[in-house]
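Q: I would like to learn how to read contacts, helices and pockets from a set of coordinates. Where do we start?

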Amino acid sequence: MPIKVANNFDSRGRPFHLAKSTRERLENAGLDISKGYPYYPDKPKDLDAALRKQAWEFKEPGLRADREKKALLSAAKEVNDLSPHLGTEIVGLQLSELTDQQKDELGLLIAERTVVFFRDQNITPQEQLELGKWYGVPEVHPTAARVHKDLPGVTIISDEIAKTNGLEPDYKSPFGTQNWHTDLTHEPQPPGVTHLHLDHLPGVGGDTLWASGYAAYDKLSPAFQKLIEPLEGLYRSVHSYTDPVTGKQSPIINAHPIVRVNPATGWKALFVNSRFTIGIKGFEYSEAQAILKKLFQVYEQNTDIQIRFKWTPRTSALWDNRISIHSAVYDYLDEVTEEPRHGTRVSSLAERPISVAEAPNAVSRREALGLPTGKVYEQYRDTYYS
């Protein structure tokens with residue numbers, strides 16, 4: 001096995017490997033990485049300092065869009081749906097060159113199709129951040145690795161981050177993001193659109209899966225839908241911080257509707273994820289787990305409401321965190337390479353989650369599209385033999 005020689009150091013002086021294509025992208029964008037890449041901010045001293053306290057008014061870009069999305073779709077060479085429920089690939093457009101009207105229409109398309117892909121993108125981290133501002137307030141994480149000190153809001157996706165922090169993921173113990181999850185659900189106003197751009201990939205593997213919260217909600221019986229619509233889940237952060245009162249390490253926890261309404265479409269979506277939804281407000285833990293187990297199962301085990309996307313270098317994925325879960329596939333960890341997987345991410349914080357009670361005209365996706373909503377089987381379906 002070849003010995004890896006450090007070709008870069010992070011802002012704390014630790015070895016951090018970069019692919020040649022990654023380095024070229026950063027340098028061509030005019031970013032000085034000589035003082036350390038990536039940049040790590042100082043960790044907040046306590047939980048109170050890590051909390052985001054200031055609310056803001058969010059204006060949904062998709063509501064400004066032409067519902068037929070003519071400016072966006074007519075400019076593309078191809079528009080390919082990857083499955084009936086979710087996933088669309090746009091061919092022939094550069095995200096950095098979209099007009100304001102096209103950005104609004106893209107916002108609506110993401111809200112309708114859950115995740116939209118653009119290959120062969122020439123986009124700098126600065127341009128990615130500016131596009132993120134169109135869809136909300138770029139999240140500035142208190143501890144995550146950043147592209148640059150002067151670019152808060154652009155975080156790093158790289159296997160090297162875990163390694164520099166003393167972790168060595170392998171076949172038996174891959175990264176936690178292999179579990180189905182939704183980003184930053186502990187935020188008071190969680191992300192709407194997240195934009196991940198991968199500039200370097202392993203030779204084989206490294207796919208990502210997404211599942212539709214619209215379709216997961218539609219899988220449930222009307223009686224179960226009504227049961228969970230008034231409920232609020234409890235969502236925790238990945239990191240823990242010192243509680244200034246108790247002195248103990250505590251995560252950030254917020255309550256949000258288990259079923260939320262997307263403001264761009266008016267459609268209901270299941271809003272839970274098995275990694276960060278830890279309970280239900282007002283319910284005993286065991287009671288909450290009985291309900292959540294069913295919801296996780298519906299979301300994660302119905303392959304007809306999921307897609308698996310094969311990345312290529314310089315591809316961007318923009319997805320709606322309000323209506324989806326996703327999972328990274330770490331099937332390439334045995335590959336020996338000095339050029340690790342690397343990407344940049346901008347998550348745009350959006351509205352405080354809208355409950356069904358706050359949106360009395362909300363409908364399910366299938367109802368909105370005039371599709372059959374399915375039958376309810378009250379008894380176990382099986383073949384009986386006499």
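A: Start with contact, which means heavy atoms within 4.5 Å. The model here is predicted.

Q: Which residues is His 326 in contact with, leaving aside its neighbours within four places in sequence?

A: His 326 touches Asn 179, Trp 180, His 181, Thr 182, Asp 183, Thr 208, Leu 209, Trp 210, Trp 319 and Asn 321. With Asp 183 there is also a polar contact between side chains, at 3.4 Å. His 326 itself sits in strand E15, residues 324-328.

Q: Is His 326 buried or exposed?

A: Buried means under 20% relative accessible area. His 326 has 6%, so the residue is buried.

Q: How many residues does helix H9 have, and what should they span?

A: An α-helix has 3.6 residues a turn, so residues three or four places apart point the same way. Helix H9 covers residues 285-301, and its 17 residues should span 24 Å at 1.5 Å a residue. The end C-alpha atoms lie 23 Å apart, which agrees. Buried residues in H9 include Ala 288, Ile 291, Leu 292, Leu 295 and Tyr 299.

Q: What lines the largest pocket?

A: Rolling a probe the size of a water molecule over the atoms shows where empty space is left. The largest pocket holds about 1200 Å³ and is lined by 43 residues, with Ile 157, Ile 161, Thr 177, Val 238 and His 239 nearest its centre. Among the elements that give two or more residues to this lining are strand E8 and E15. By class, the lining has 20 nonpolar, 14 polar and 9 charged residues.

Key: Residues are numbered from 1 along each chain as its sequence is written. This is a predicted model: local features need pLDDT of at least 70, side-chain atom pairs count only at pLDDT 80 or more; totals for chains, interfaces and linings use all residues. Side-chain values use heavy atoms; hydrogens and water are left out. Helices (H or I, at least four residues) and strands (E, at least two) are DSSP runs, numbered from the N terminus. Buried means under 20% relative accessible area, exposed over 50%, partly exposed in between (1.4 Å probe, protein chains only). A polar contact is a pair of N or O atoms within 3.5 Å; within protein, one must be able to donate a hydrogen and the other to accept it, and residues adjacent in sequence count only if both atoms are side-chain atoms. The expected span of a helix is 1.5 Å times one less than its number of residues. On a 1 Å grid over the protein atoms alone, a cavity is a set of points where a 1.4 Å probe fits but cannot get out, and a pocket is an open set with protein on both sides within 12 Å along at least five of seven lines; lining residues have an atom within 4 Å of a point. Grid points are joined across faces, edges and corners, and a volume is the space filled by probe spheres set on the points. Ala, Val, Leu, Ile, Met, Phe, Trp, Tyr, Cys and Pro count as nonpolar, Asp, Glu, Lys and Arg as charged, and the others, Gly among them, as polar.
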